[in-house]
Every structure is written in structure tokens, then in C-alpha cells.
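Here is a friendly walk through one model, written for someone who likes to know the cut-offs behind each term. Please keep the viewer open as you read.

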Amino acid sequence: MVLSALWFGVFGLLLILDRTAGSSPGLGLYSYILSFVMLAGTVMVSAWALSERWADRAGVLAALVGVLILVAALVSPLEVAMYGLIAGYALLLVCGCVGALIGRRIEDAAYLWPLTIVMVSFDLWSVFAAAGVTQELVIEPTAEVGRALLVLSFPVPGLGVQPVLGIGDVIVVSLFYSAVHWLGLSLRRLTFGLSIGFGLCLMALFLFQVPLPALAFIAPSAVIALGDEAKPRMKELMIAAVFCAIGLSLLHLIRS
């Protein structure tokens, strides 16, 4: 399986580099760039492989296996590196399959822009709003388990295994690859757009020096790269805007 080979191969390679890397000025910056790029590439290639046609029940079974592996990792006394390896693989498997199953059910390319607007709006609220779920998990000192379930950790040479990418980003990448494949759109244009999005996210991380949602960069870049293939209709855009306004208002009232 492409996903398994990529995850264990790249994780193992970076872990070896981490164990052999010394400390030197500027190492952390270049190491993080390397790990971010390698993880983003692993997620994208895995999502491309999962976009192929397979029975829904196979995806559901694979996701259930991933959940069992994740539970086993959570209850086992694993060291940080081994936990990151096992739990990260389980999260990649579950999120990749879930995203692919959702993506193949998108029946019209015109839905991609409205979907992007909704996903980005709720993700930004979750990260930046005081009552946001992600914000709460980031600042709450007792939320280690929650953070472990929401983020893929990856070896950063010289810095150890560090949280790098959220599971929402993995789901969305897999969703896009699956939708584009099943709708017969350009996978190459999608890959270019996602690559640009990850690159912009990486630049913003170093510019602002605060945690940022990769989804806000990769999803718009993906649909922009698809161009007229994913041209939206005004009706769906208006529905998405109204849905965001009502949904975010309700979330604010419920969690405030």
C-alpha cells in the first residue's frame, strides 16, 4: 500500500536524521522546512493513491483498522517517537479514507468553491476565535490527548518528533483528490494548487511565528488552480455564505 510505504519510509528516514543531527544555529528552521515538505508530500501522494476506485466497504474497513491502531497506541506505554510513528500512521489512514469516501460523493465540480468557503470559515473560527475548539485545545494545558488526536507529529531533525499538520488538512487533501478523480478533472492542476497552498502556509508560519491552519491556504489554492473546471454558481455561493453566517453565529452562542 502506497500510504503505508510512504509513511513508514519517510518517518523512518527523518527519525534517523534526527538521531544523527547535531545542534547548530539555524538547524531548526531548515529541519522544520524539510519535515513540513516531506509530510505534505506524503499526505498528497497518499491521497492521490486513495483517489483510485475501490469499494466503499474496503475504505470503511481500513478506517476501522486505523481507529483500532490509534486506540492501541493511546493505551500503550510508547515513547514519543514510536507513538508518533504508530498514531500518525493510524490518523493518516483514517483521515485519508474518510476524505476519499466523502470526496467521491461530490457530484458537481461547481460545489467545490462553496465547500471550500464553508470549510475555511469554520476552520478559521475554530483556530482564532476565543471559543474555538482548536484554540481551546491549543491553550488548555490538560488537553494533551485531544491535541494528539488532532495533529500528525513528524520527526524534525535536531528537534525530535513535533506536531506538524492537523488531521483536518489530511481529510481535505484526500477529499479533493477523490472528488477531482471521480469528476474527471485535472489531478495535475490540483497537485500544483495544493503544493502552492502548502508553500504559502509554510511561508506564513515563519512570517507570523504563530500556529496557522493550513486548510486556509491549501483549499483555496486547490480550487483556484482548477480554474474553470471548478467554476462556481452564484446560487451555491450564496447558500454557502448564509450557512456560514448562521452556523458560526450558533457556534458562538453555544460556546460563549
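## Salt bridges

R233 has a relative accessibility of 37%, so it counts as partly exposed (buried means under 20% relative accessible area, exposed over 50%, and partly exposed in between, with a 1.4 Å probe and protein chains only). The side chain of R233 meets that of D108 in a salt bridge, with N and O 3.0 Å apart; the term stands for a side-chain nitrogen of Lys or Arg within 4 Å of a carboxyl oxygen of Asp or Glu. Because R233 sits in the loop between α10 and α11 and D108 in the loop between α4 and α5, this pair ties together parts that are 125 residues apart in sequence. D108 is partly exposed too, at 24% relative accessibility. Helices (H or I, at least four residues) and strands (E, at least two) are DSSP runs, numbered from the N terminus.

How many salt bridges does the structure hold? There are four. One of them joins D56 to R104, with the closest N and O atoms 2.6 Å apart. D56 belongs to helix α3 (residues 56-75) and R104 to the loop between α4 (80-103) and α5, so the pair links parts that are 48 residues apart in sequence. D56 also forms a salt bridge with R105, at 2.3 Å from N to O. R105 lies in the loop between α4 and α5 while D56 is in helix α3, so here the parts tied together are 49 residues apart in sequence.

## How the model is read

This is a predicted model, in which local features need pLDDT of at least 70 and side-chain atom pairs count only at pLDDT 80 or more, while totals for chains, interfaces and linings use all residues. Residues are numbered from 1 along each chain as its sequence is written, and side-chain values use heavy atoms, with hydrogens and water left out.

Helix α9 (residues 187-208) has 22 residues, which at 1.5 Å a residue should span 32 Å; its end C-alpha atoms are 31 Å apart, so the two values agree. The expected span is 1.5 Å times one less than the number of residues. Buried residues of α9 include L187, L190, L194, F198, C201, L202 and L205. Their cover includes α2 (27-50), β2 (160-166), α8 (167-183) and α10 (215-226), where contact means heavy atoms within 4.5 Å. Just after α9, Q209 takes a positive phi of about 60°.

Helix α2 has 24 residues and reaches 34 Å from its first C-alpha to its last, close to the 34 Å expected. Among its buried residues are F36, L39, V43, M44 and L50. What do the buried residues of α2 pack against? They pack against α1, α4, β1, β2, α8 and α9.

## The β hairpin

Strand β1 (residues 151-156) pairs with β2 in the antiparallel sense over six bridges; two strands pair if DSSP finds at least two bridges between them. V156 has G160 in β2 as its bridge partner. Three residues lie between the strands of this hairpin, and G158 there takes a positive phi near 90°.

## A buried threonine and an exposed isoleucine

Is T116 buried or exposed? T116, in helix α5 (residues 112-128), has a relative accessible area of 2% and is therefore buried. Apart from neighbours within four places in sequence, T116 contacts F176, A219, P220 and V223.

I16 in helix α1 (residues 2-20) counts as exposed because its relative accessibility is 54%. The C-alpha atoms of I16 and P155 are separated by 8.9 Å, although these residues are 139 apart along the chain.

## A nonpolar surface patch

V242, I246, L250, L253 and I254 make a nonpolar surface patch of about 530 Å². Patches are made of residues with over 30% relative accessible area and no salt bridge, joining like charges within 9 Å and nonpolar side chains (Val, Leu, Ile, Met, Phe, Trp, Tyr) within 5 Å. Accessible areas come from the Shrake-Rupley method with a 1.4 Å probe, and for residues only the protein chains shown count as cover. L250 lies in helix α11 (residues 234-255) and is partly exposed at 46% relative accessibility.
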